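Open the model in your viewer and get ready to click along.

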Amino acid sequence: MAKSITYVGLDVHKGTIMVALAEAGMRGEVREYGKIPNTPAALKALAAKLAATGRDLRFCYEAGPCGYGIHRQLTEAGHECAVVAPSLIPRKPGERIKTDRRDARNLAKLHRAGELTAVWVPDQAHEAMRDLVRARQAAVRTLRQARQQLSGFLLRHGHHYHRPAWTQLHRRWLASLKFEQAVHYIVLEDCIAAIEAATARRDRLETHIEAALPEWSLAPVVQALQALRGVGLVAAATLVAELGDITRFTNPRQLMAYLGLVPSEHSSGRTRRQGGITKAGNGAARRMLIEAAWSYRFPARISREQLLRQERLAKPIRDIAWKAQERLCRRYRTLARAGKLPTVITAAIARELSGFIWAIAKQVQPVAT
């Protein structure tokens with residue numbers, strides 16, 4: 001005889017967890033259990049107490065800043081646990097009251113109804129690589145802000161550099177600038193020091209990413225994705241770290257939708273309107289694809305650097321990469337001749353590029369751990 005099921009909704013916060021229970025069946029009771037401390041010991045005691053009734057427990061909680069520790073603890077104890085995407089939780093438009101009790105009850109009830117969308121949960125090694133990649137992304141943002149601050153400072157004082165910036169020549173030009181106020185020299189040197197520190201941090205983290213790759217189970221996928229034009233080591237590592245197991249998407253369209261690269265749509269009756277891309281899902285992976293898409297504005301060719309990256313890859317992967325380059329370069333020129341904006345073109349190229357990434361990932365087997 002099958003066990004009865006109890007659905008457990010957890011509204012997780014830094015210090016506490018609000019718990020609600022929903023019995024199986026559409027008319028089953030939904031009740032508040034209470035609040036417990038957010039500690040492994042308290043969670044273990046809760047699971048043991050609820051399991052003592054002999055019912056099958058199915059937990060769920062929203063993905064958030066507390067991470068996946070609760071999921072790992074409950075699954076190791078033999079219970080089913082879903083980490084839910086907060087943006088995809090159904091909400092009533094007219095509801096204006098939000099409390100921890102209501103959130104926990106709502107999670108339990110929706111989990112019982114099968115209305116919640118679970119996110120993919122990485123293992124600890126994958127999460128560590130993702131943290132390293134995101135640290136590098138933070139360093140890139142800091143560098144960009146430091147450069148913008150220096151450019152703004154120079155613009156206010158009428159200094160313009162009409163060549164490509166952030167080169168050795170640009171650095172020498174900065175050293176030759178003259179100001180009327182002595183304090184401005186201090187500001188200039190401080191801005192330059194901030195840029196140099198941010199650059200060193202970014203380069204250091206990129207070195208760490210490269211050093212950590214051989215021990216990662218998804219390292220073969222990272223190596224294979226580098227066969228694509230515009231996808232270097234850091235870009236490939238970022239894509240795989242953010243997307244995880246790409247083969248979990250049953251077709252390329254699912255991956256495109258997950259990345260938010262499909263057009264938004266509002267259709268009613270005979271009216272059908274499509275707008276900009278949805279920008280749903282993972283923004284960091286989408287940004288990397290957009291950056292890679294810019295390289296397809298040039299004619300299709302295999303550069304020396306790309307040839308070196310492809311040397312140890314299987315022929316099917318190299319064939320997919322060349323097919324992608326031929327198609328996307330041709331597609332870029334076609335859209336440009338049609339008068340499309342460059343931003344619209346790169347978004348379209350990035351969407352198709354994600355399909356080729358899915359095809360390459362299907363050719364690669366991760367390393368067993």
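Begin with the largest pocket, which holds about 710 Å³ of space. On a 1 Å grid over the protein atoms alone, a pocket is an open set of points where a 1.4 Å probe fits, with protein on both sides within 12 Å along at least five of seven lines, and lining residues have an atom within 4 Å of a point. The volume is the space filled by probe spheres set on those points. This is a predicted model, where local features need pLDDT of at least 70, side-chain atom pairs count only at pLDDT 80 or more, and totals for linings use all residues. Residues are numbered from 1 along each chain, and side-chain values use heavy atoms, without hydrogens or water.

Now select Ala-85, Val-119, Tyr-258, Gly-281 and Asn-282: of the 23 lining residues, these are the closest to the pocket's centre. Next, colour helix H4 (124-156), which supplies the largest share of this lining, four residues. Helices here are DSSP runs (H or I, at least four residues), numbered from the N terminus.

Next, pick Glu-242, in helix H8. Is Glu-242 buried or exposed? Glu-242 is buried, because its relative accessible area is 2%, and buried means under 20% with a 1.4 Å probe, protein chains only.

Show the side chains of Asn-282 and Gln-137. Glu-242 makes a side-chain polar contact with Asn-282 at 2.9 Å and another with Gln-137 at 3.5 Å. A polar contact pairs N or O atoms within 3.5 Å, one able to donate a hydrogen and the other to accept it.

Definitions and conventions
Helices (H or I, at least four residues) and strands (E, at least two) are DSSP runs, numbered from the N terminus. Buried means under 20% relative accessible area, exposed over 50%, partly exposed in between (1.4 Å probe, protein chains only).
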